[in-house]
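Visitor: I have a few questions about the words used for this fold. Could you show me the structure before we start?

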Amino acid sequence: VKKLPKFPRHSRPWRNGALVLLVLCICCVLASFLGFVVRQAGEHATARLRPFVLVDSSGRTVTERQHPGELLLLYFGFTFCPDACPTTMVYLSRLMKALGPDAQRMQVAFVSIDPERDTPERLRGYLAAFDGRFIALGGTPAAIAAAAQSFEVVYRRTPPLAGPDTYGFDHTDMVYVIDQQGQQVTMLGTHLSEATSIERLRQHLPTVAKVLAPCCRMPTLADRFRQLPPRPQTGTP
Amino acid sequence: MITTTRFYLQSAIVSLLTIVLVACGTTAVTHPIIEHPWSRATAPGAVNGAVFVTIRNADGNEDRLVSAACDIADDVQLHTVLVGADGVKAMRQVEHIVVPANGSVVLKPGSFHVMLIGLKRPLVAGEKLPLTFTFANSGTQQIIVPVGEVGAMGPAGEGDCPLCHDQSATPVKTP
């Protein structure tokens, strides 16, 4: 059989076409990945918080955007509280243990709604009993009230139980999770199982895709709706 | 002679019967059974504690836990936790805790509990805390409460797994 004549190496006509196809394929894959990233980011974007300013025990400022940990887990409680607060602290300390190395990427913070009785020293000892990594955040009563309002946390002082210094509080018993962009990404609480809580936290731990997402995203109509007027006043002592 | 003997015999029977009846009368009150008492060590700085138990009533009549006493607390009160429509938790003193006939009531975190107000000393893990419960029908009863770690979520060794399942976050009751 007579062999077909070979095309000269530099003039194979399909060669360029194949290259173009390959490039197109890569582009398609990249585009769909980007689309996935953007969708993911869209699902996780939650309401931006009203700004708050608190201080930690060493005087460092902590705000909704500037906080230790990639995720800040914030709880509003008081040490006089015999049931709900220790139960939530136990719940959080168990979560931190179960999270393993991921726990280092989170910071649990306790905001006392009772600065009158909860001195920084008392809070330090109290929190250390649950987990040495937990920190206390405080501020003026107004700053604490403002922070509570950011999360629509309600707290009301109740009449003394026995002696004059035995007043308590009715309060919202939830844990708020805030990311580095100052957004509340999810809520936790003792009504959730450990598995569900960990799933929620891991879902919101920043990954490369999520960090890149804001750069590849155009503001949407939904975003404009998110920047709507402030919430009504709720959390006042 | 016979009549005298019969008289003595009769009186003996009557008095025996009386004794038996009286004895039955006093033991007819069944004390509720206190099961799985537990408490948590207090975190430094915490001045209040809580005691949790299961009270079982084998009797056909309802009983009520009306008070509790503890030497190391300034005051001991019976409390419950109410959850409002806005999700706000409110701890309130209750006059009594009903132990239903042939049933039981569980005192647990987020619900009924015995609150120890103003502890004279911290509760330490491993200690056994004596408490006195007073019931409306069956009177007082001494109980010993083992104190668990600060992170206890149930009685020690009960295999209790409070964080194994999601619970409803919906508000329960607000009388």
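Guide: Here it is, and note that this is a predicted model. In chain A, 7 strands make an open sheet with mixed pairing. Their order is β2-β1-β5-β4-β3-β8-β9. The twist from one strand to the next averages 35 degrees.

Visitor: What makes β2 and β9 of chain A edge strands?

Guide: β2 (61–63) and β9 (184–188) of chain A each have a single partner strand, so one side of each has no neighbour in the sheet.

Visitor: How do you know that β8(A) and β9(A) pair?

Guide: Pairing takes at least two bridges. Strand β8 (residues 175–178) of chain A has 4 bridges to β9(A), and the two run antiparallel. V177(A) sits opposite T186(A) in β9(A).

Visitor: Which strands does α5(A) touch?

Guide: α5(A) packs on the sheet against β3, β4, β8 and β9 of chain A. Its direction makes about 170 degrees with that of β9(A).

Visitor: Why are α2(A) and α5(A) called roughly perpendicular?

Guide: The axes of helix α2 (residues 84–99) and helix α5 (residues 194–204) of chain A come within 10 Å and cross at roughly 65 degrees. The range for roughly perpendicular is 65 to 115. The two helices are therefore roughly perpendicular to each other. Their crossing is right-handed.

Visitor: Which residues of α2(A) and α5(A) meet?

Guide: From α2(A) come Y91(A), R94(A), L95(A), A98(A) and L99(A). They meet E194(A), S197(A), I198(A), L201(A) and R202(A) of α5(A). The contact divides into 6 nonpolar, 1 polar and 3 charged residues.

Note on methods: Residues are numbered from 1 along each chain as its sequence is written. Chains are lettered from A and ligands numbered from 1 in the order in which they are written. This is a predicted model: local features need pLDDT of at least 70, side-chain atom pairs count only at pLDDT 80 or more; totals for chains, interfaces and linings use all residues. Side-chain values use heavy atoms; hydrogens and water are left out. Axes are lines fitted to C-alpha atoms, for helices over the stretch in contact, and angles run from 0 to 180 degrees between N-to-C directions. Angles under 35 degrees count as roughly parallel, over 145 as roughly antiparallel, 65 to 115 as roughly perpendicular and the rest as oblique. A crossing is left-handed if the near helix is turned anticlockwise from the far one by less than a right angle, and right-handed if clockwise. Contact means heavy atoms within 4.5 Å. Ala, Val, Leu, Ile, Met, Phe, Trp, Tyr, Cys and Pro count as nonpolar, Asp, Glu, Lys and Arg as charged, and the others, Gly among them, as polar.
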